[in-house]
Amino acid sequence: MIGFYTLLYKELLRFWKVSFQTVLAPVITALLYLLIFSHVLAEHVQVYPGVSYTAFLVPGLVMMSMLQNAFANSSSSLIQSKITGNIVFVLLSPLSYLEFFAAYLVAAIARGLVVGLGVFVVTLAFTSVSIDHPLWLVLFALVCSGILGALGVIAGIWAEKFDQLAAFQNFIIMPLTFLSGVFYSIHSLPPFWLTVSRFNPIFYMIDGFRYGFFGASDVTPGLSLLVVLVCFVALSVFSLILLQRGYKLRH
C-alpha cells in the first residue's frame, strides 16, 4: 500500500500545486455561468415549484464542474506522463494495476470534490439552496466524479497526443455535459431531444444530484442511481482490463 499512497500523494500534489489553474479557474467559470444565465432567465423560468431558477442552476453547475475536473485530472496526468516518458518510473515500480488505477481514481475524485465544493460555496453568495437529502448528494458526488475519473484514465491510456485528448473532451464530454439539463429541465425540450437526453448518462448524474438538493427530479432517483452505478462499474472494469494488459503503456 506504500506505493499506492505515494502515487496518490504525487497525483494530489500535481493538481494542488497549480490550484490557481485547476481549482480557482473552473470555480470562476461556473460562477460566470450562474451570473449570466440567472440574469437573463431568472425572471422567466421556474422549473420546480418554490425553487428559483438561480437555485436550480447551482446543482447542475456544481456537478458539471466536478465531472469536467475529475476527467481532466486523470486524463491529463496520464498523457503528460506518457509524452514526457516518466510513466516508465511508475510502470517499473512494484505497483499492481489495481493500486495504479485506485491512485488515479481517488485523486480525480478529490479534485472533482474540491472544485465542486468551491463552486457551491461561491454560489451561496448569490442564492440560497436547500439540501433535502445530503447523503444522496454525497453519494452522487463521489460516484459521478469516479465515473469521469475512470473515463479519464481510459482516455489518457488511449490518447497518444494532446490533441487526441482535447478531441475526446471537446467532442464527447463537453457536448454530453451541456445536453444533460444543467441549464434546463429536459421536459422543456421537443420530443426528439427529450428522447435523446434519456440516452445521455450525464443527464442522470445531474438529475440525481439535483434530487439531493430539492427532493425533485425529472426521472425517478432510483433510475438515476442505477445508471450511474452501472456506468461506474463498467468503466472501472474496462480501465482495469486496459491497465492489466498494459494497453498503450507497456507496448
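A residue is called buried when its relative accessible area is under 20%, exposed when that area is over 50%, and partly exposed in between, using a 1.4 Å probe and the protein chains only. By that rule, 50% of the 251 residues of the protein chain count as buried.

Before I continue, please note that this is a predicted model, in which local features need pLDDT of at least 70 and side-chain atom pairs count only at pLDDT 80 or more, while totals for chains, interfaces and linings use all residues. Residues are numbered from 1 along each chain as its sequence is written, and side-chain values use heavy atoms, with hydrogens and water left out.

Let me turn to the overall fold. The protein chain has 10 helices and zero strands; helices (H or I, at least four residues) and strands (E, at least two) are DSSP runs, numbered from the N terminus. The C-alpha atoms fill a box of roughly 60 × 35 × 35 Å along the principal axes. The radius of gyration, taken over C-alpha atoms, is compared with a globule rule of 2.2 Å times the number of residues to the power 0.38. For 251 residues a compact globule would have a value near 18 Å, and the protein chain agrees, because its own value is 18 Å.

Next, the contacts, meaning heavy atoms within 4.5 Å. Among contacts between residues at least 6 apart in sequence, 81% join residues at least 24 apart.

What lies in the interior? A nonpolar core is a set of buried Ala, Val, Leu, Ile, Met, Phe, Trp, Tyr and Cys residues joined through side-chain atoms within 4.5 Å. The largest such core has 58 residues, and Leu-148 and Phe-209 touch the most other members. Its largest share, 14 residues, comes from helix H3. Phe-209 touches Pro-59, Val-62, Met-63, Met-66, Leu-137, Phe-140 and Ala-141, when residues up to four places away in sequence are not counted. Apart from this core lies another, of 23 residues, including Phe-4, Val-153, Ile-157 and Leu-243.

Is Leu-57 buried or exposed? Leu-57 counts as buried, because its relative accessibility is 0%. Leaving aside neighbours within four places in sequence, Leu-57 is in contact with Leu-34, Phe-37, Ser-38, Val-182 and Phe-183. By contrast, Leu-57 and Phe-101 are 44 residues apart along the chain, and their C-alpha atoms are separated by 33 Å.
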